[in-house]
Amino acid sequence: QLKSQFPKVDVQKSNNGTIIAFREFALGSGLPTLPLLSINIDEAIFGGVVTSNENSNMTFCFPVEIGHSIIDYRGERCMCGNRGCMETLCTTPVLFKKLNESAGLNLTYSELFGSEINVDAMHIVAQELKSGNKDVEKVVQSYTETLCSALLSTINLLGIQSVHIGGDLAILGEPFLEMLKTTFTASFSPLIGTGNIQFDLFNSDYEDVRKAATMISLDAVFKV
C-alpha cells in the first residue's frame, strides 16, 4: 500500500529484530565483537544479527526468526504450528509458570505481549534470585541451560561471537548474566570461532529503539 501511495519513493520495511540488533551495535556500551546476535526475550522472542564484510568494510544487519527455531521436535505445539520452538521453552511466561510450580512463588503473569504485570513479576524473580533463594536458583538454572541450548544452533549457524539479551528477561541482571556465562562455558561448545562467546544484557529502551530505527532509515536514504 505504501508503494502504491508513494510510487516515486524507495519504500522498505524492517522489524524489531533488525532494529534492536542495530541499536546494540550503534548505541550499546562498547563495541561488540561481530557477528552480534541481539535477542529480545519476554512474551515473545525475536532477534537480529549484525555482521560485517572484511573485504568491503561494510556492516550488515538482518532479522532472525530465532523464536521459531526448533529445539525439541517432540515438544509442545507452538502458535506457528511447529513443535518445540524456542518460544515454547524460553519465553518469560514459561519461566514464571515453572517458578510457580517448582519454587513456590505465586507470580501473577500474562501471555499477552507487552503485559505490565510481567515486568512486575520479573522484578520479584530478580529480587528472589539476588537474595539467594535456592529453589528459584534451581529453576532459573534449568531455564538457563535450555536457553543456552536454544542459542547454540544460531551461534553455530552464523558464527556468532557476541550475544546480547534484552526484554523483560534482562531485569534479572548480573546474577542471571553470570549464570548464563558460566553455564554456556561449562556445557556448550560452539563449532565456529574461538568458543569465547561474549554475553551481555541490555535495556530495550524505547527511545534508543526509535533512534536506531531513524539511523537505519537515514542509512537507507543516503545509500540510494
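Biologist: Why is Thr183 called buried?

Modeller: Thr183 has a relative accessible area of 7%, and buried means under 20% (over 50% is exposed, in between is partly exposed, using a 1.4 Å probe and protein chains only). The value falls under the cut-off, so Thr183 is buried.

Biologist: What kind of model are we looking at?

Modeller: It is a predicted model, where local features need pLDDT of at least 70 and side-chain atom pairs count only at pLDDT 80 or more, while totals for chains, interfaces and linings use all residues. Residues are numbered from 1 along each chain as its sequence is written, and side-chain values use heavy atoms, leaving out hydrogens and water.

Biologist: Where is Thr183 found, and which residues is it in contact with, leaving aside neighbours within four places in sequence?

Modeller: Thr183 sits in helix α7, residues 173-187. Helices (DSSP runs of H or I, at least four residues) and strands (runs of E, at least two) are numbered from the N terminus. With those sequence neighbours left out, Thr183 is in contact (heavy atoms within 4.5 Å) with Gln141, Thr144, Glu145, Cys148 and Phe188.

Biologist: How many helices and strands does the chain have, and how much of the chain is buried?

Modeller: There are eight helices and five strands, which follow the pattern α-α-β-β-β-α-α-α-α-β-α-β-α along the sequence. Of the 224 residues, 43% count as buried.

Biologist: Glu87 is a charged residue. Why is Glu87 called buried?

Modeller: The same test applies to Glu87: its relative accessible area is 14%, so Glu87 is buried. Glu87 belongs to helix α3, residues 86-90. Apart from neighbours up to four places away in sequence, Glu87 touches Ala44, Ile45, Gly67, His68 and Val94. Glu87 and Asp42 are 45 residues apart in sequence, yet 9.4 Å apart in space, C-alpha to C-alpha.

Biologist: And what makes Val140 buried?

Modeller: Val140, in helix α6, has a relative accessible area of 0%, so Val140 passes the test too. Beyond the neighbours within four places in sequence, Val140 contacts Leu99, Leu129, Phe176 and Met179.

Biologist: Which residues touch the most other members of the largest nonpolar core?

Modeller: In this core of 45 residues, they are Leu99, Leu147, Leu151, Val163, Ile165, Leu169 and Phe176. Helix α6, residues 134-158, gives the largest share, ten residues. A nonpolar core is a set of buried Ala, Val, Leu, Ile, Met, Phe, Trp, Tyr and Cys residues joined through side-chain atoms within 4.5 Å.

Biologist: Why is α4 called oblique to α5?

Modeller: The axes of α4 (residues 92-102) and α5 (residues 116-131) come within 11 Å and cross at roughly 50°. That makes α4 oblique to α5, because angles under 35 degrees count as roughly parallel, over 145 as roughly antiparallel, 65 to 115 as roughly perpendicular and the rest as oblique. The axes are lines fitted to C-alpha atoms, for helices over the stretch in contact, and angles run from 0 to 180 degrees between N-to-C directions.

Biologist: Which residues meet there?

Modeller: From α4, Thr92, Pro93, Leu95, Phe96 and Leu99 meet Asn118, Ala121, Met122 and Val125 of α5. They divide into seven nonpolar, two polar and no charged. Here Ala, Val, Leu, Ile, Met, Phe, Trp, Tyr, Cys and Pro count as nonpolar, Asp, Glu, Lys and Arg as charged, and the others, Gly among them, as polar.

Biologist: What makes α5 roughly perpendicular to α6?

Modeller: α5 and α6 pack at about 110°, with axes 8 Å apart. That angle makes α5 roughly perpendicular to α6. Val125, Glu128 and Leu129 in α5 meet Val136, Glu137 and Val140 in α6, and these residues split into four nonpolar, no polar and two charged.

Biologist: Which residues of α4 are buried, and what do they pack against?

Modeller: Thr92, Pro93, Val94, Leu95, Phe96 and Leu99 are buried in α4. The buried residues of α4 pack against β1 (36-41), α3, α5 and α6.

Biologist: How do you know that the peptide bond from Leu34 to Pro35 is cis?

Modeller: Its omega is near 0°. Pro35 lies in the loop between α2 (16-27) and β1.
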